[in-house]
Amino acid sequence: MRLDDGPGLHLATSALTLLVAVLSCVRKYWDNHLRPPLPPGPTPLPILGNVLSLDTARLWLTFNTWKSTYGDIIYARLLNKPVIVINSEEVAKDLLEGRSTIYSDKPQSIVYEPFGAEFNTGLMSYGDRWRLHRRIFHQAFRSAEIPTYHAVQLRSAHKLLFSLLQDPGNYASHFQIFVVSYVLPIVYDYEPRAKDDPIVHVMGRYAELIVAALTPGATVVMETFPFLLKLPSWFPGATFKRAMKLSEEDVVITTAVKEAASIAFAGAFETASIVLTSSTLLVFMLAMVLNPEVQAKAQAEIDRVVGKDRLPDFDDRPALPYAPARATTTSDIYKCYFIPEGVIVFANGMASLYPYTEFHEMTSRAMTHNETKYPRPDEFKPERFLHEDGSLTSDTMSLAFGWGRRLCVGRHLADASLWIAIASFLAIFSVHEALDESGKNIPVVPKFSTGAIIHPEPFPCRIVPRFFDASVETLTRLTGSGPSVTWKI
């Protein structure tokens with residue numbers, strides 16, 4: 001029988017295919033038994049993995065429960081996605097900083113393009129394109145460049161004061177406008193209009209769409225079952241599809257996203273700045289209402305250093321210490337545990353928008369609530385970051401901005417913007433619990449959002465001037481500028 005005969009060739013091909021399959025199984029078996037074990041973790045179910053035990057709206061609760069059982073590094077599976085959860089600052093530094101060449105990649109997702117996020121620097125794969133974006137970002141936002149933006153940030157903080165004086169109940173929107181009012185001039189050299197600015201509106205809506213639609217739960221499901229992206233928007237439960245449809249049909253948003261893509265280096269910065277900075281200011285407001293003694297102590301320090309005849313500026317910062325202010329590219333072995341190539345890594349101690357994976361790192365619990373480092377971590381105590389002489393410690397909580405090569409490049413600008421906004425607010429206003437019809441305080445029960453960015457839901461409160469003569473005229477004298485028409489997003 002000749003080899004090129006039909007039956008002979010078929011038999012030889014079948015035998016070769018079977019041999020390759022057997023060898024592949026044998027190699028996989030030996031690899032699995034010769035390599036170190038995976039980190040400990042919950043037992044996954046067939047197909048579903050551990051997804052049923054995951055609170056997708058509040059991931060940190062699940063991660064903290066797992067931490068108490070399995071420790072500081074955990075392996076789990078969400079549908080077809082293997083994940084590693086890091087629960088300690090030590091492990092995060094060892095892996096995400098000490099081995100950053102392995103833990104700096106971002107797997108690409110079929111979900112990004114429909115939401116206009118494929119050009120976002122924070123979601124790019126680790127490579128030449130990402131390095132170019134990062135280098136351009138760094139040139140503009142490194143620490144040495146931030147003083148050149150102080151005038152813009154100060155002007156924005158003063159506009160915020162006018163808005164809060166004239167319309168205190170709409171404080172959440174004012175915080176968003178505060179961010180936009182310095183991001184647009186700095187990034188685009190564009191001064192937004194005082195009222196109904198179309199670019200301000202577009203940026204606000206785009207940020208809302210991204211945060212609402214690209215939640216970890218929705219992302220995992222769409223990655224595992226991509227046919228869901230083809231569902232009609234009217235299909236029950238397809239809220240993410242309706243968000244996509246809104247984005248596609250809104251000509252203004254579509255045009256703005258395409259224009260942003262031409263200067264993609266600002267794409268991640270805009271969304272992250274609007275959402276994260278305004279969210280942090282909401283946290284500040286909640287902390288002041290719940291801790292009036294801390295608010296009073298910070299205001300006393302501002303009065304002592306700045307006085308009452310002017311407002312704080314950046315030169316005052318050194319004298320005001322109390323004012324509150326990835327996926328793997330290859331396999332790895334850490335502390336006798338095997339970390340597979342391409343595994344998704346959650347750092348359970350970060351508050352940055354873009355993670356080391358296609359998921360959003362939105363937890364800041366395990367590392368920031370380390371009771372050894374921060375005794376009684378649930379108490380709001382700014383003093384824990386001060387020496388006995390009142391000077392700041394070296395603990396800047398940098399983990400909030402990420403790790404290693406994916407460290408947030410806009411952290412210096414965000415830090416300066418938050419400081420001037422908070423110091424300016426405390427110099428002019430106090431925030432207290434709201435009053436009911438009988439004049440009694442209404443206790444604040446903190447409620448937090450779910451989704452890609454966790455922040456306090458707006459709550460009723462009283463924002464009142466600290467001085468009886470506080471008025472538009474007084475603010476005009478203190479700031480050297482007049483009020484602008486209240487903006488809307």
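A: Take contacts to begin with, where contact means heavy atoms within 4.5 Å. Leaving aside its neighbours within four places in sequence, Leu320 is in contact with Glu301, Ile302, Val305, Val306 and Trp419. This is a predicted model, in which local features need pLDDT of at least 70, side-chain atom pairs count only at pLDDT 80 or more, and totals for chains, interfaces and linings use all residues. Residues are numbered from 1 along each chain as its sequence is written, and side-chain values use heavy atoms, with hydrogens and water left out.

Q: Where does Leu320 lie, and is Leu320 buried or exposed?

A: Helices (H or I, at least four residues) and strands (E, at least two) are DSSP runs, numbered from the N terminus; Leu320 lies in the loop between helix H12 (292–306) and strand E3 (332–334). Buried means under 20% relative accessible area, exposed over 50%, and partly exposed in between (1.4 Å probe, protein chains only), and Leu320, with a relative accessible area of 2%, is buried. The C-alpha atoms of Leu320 and Val305 are separated by 7.4 Å, although these residues are 15 apart along the chain.

Q: Which residues is Gln295 in contact with, leaving aside its neighbours within four places in sequence?

A: Gln295, which is found in helix H12, is in contact with Met288, Phe425, Leu426, Ser430, Val431 and His432 when those neighbours are left aside. Gln295 counts as buried, at 1% relative accessibility, and a polar atom of its side chain lies 3.0 Å from the backbone nitrogen of Val431.

Definitions and conventions. A polar contact is a pair of N or O atoms within 3.5 Å; within protein, one must be able to donate a hydrogen and the other to accept it, and residues adjacent in sequence count only if both atoms are side-chain atoms.
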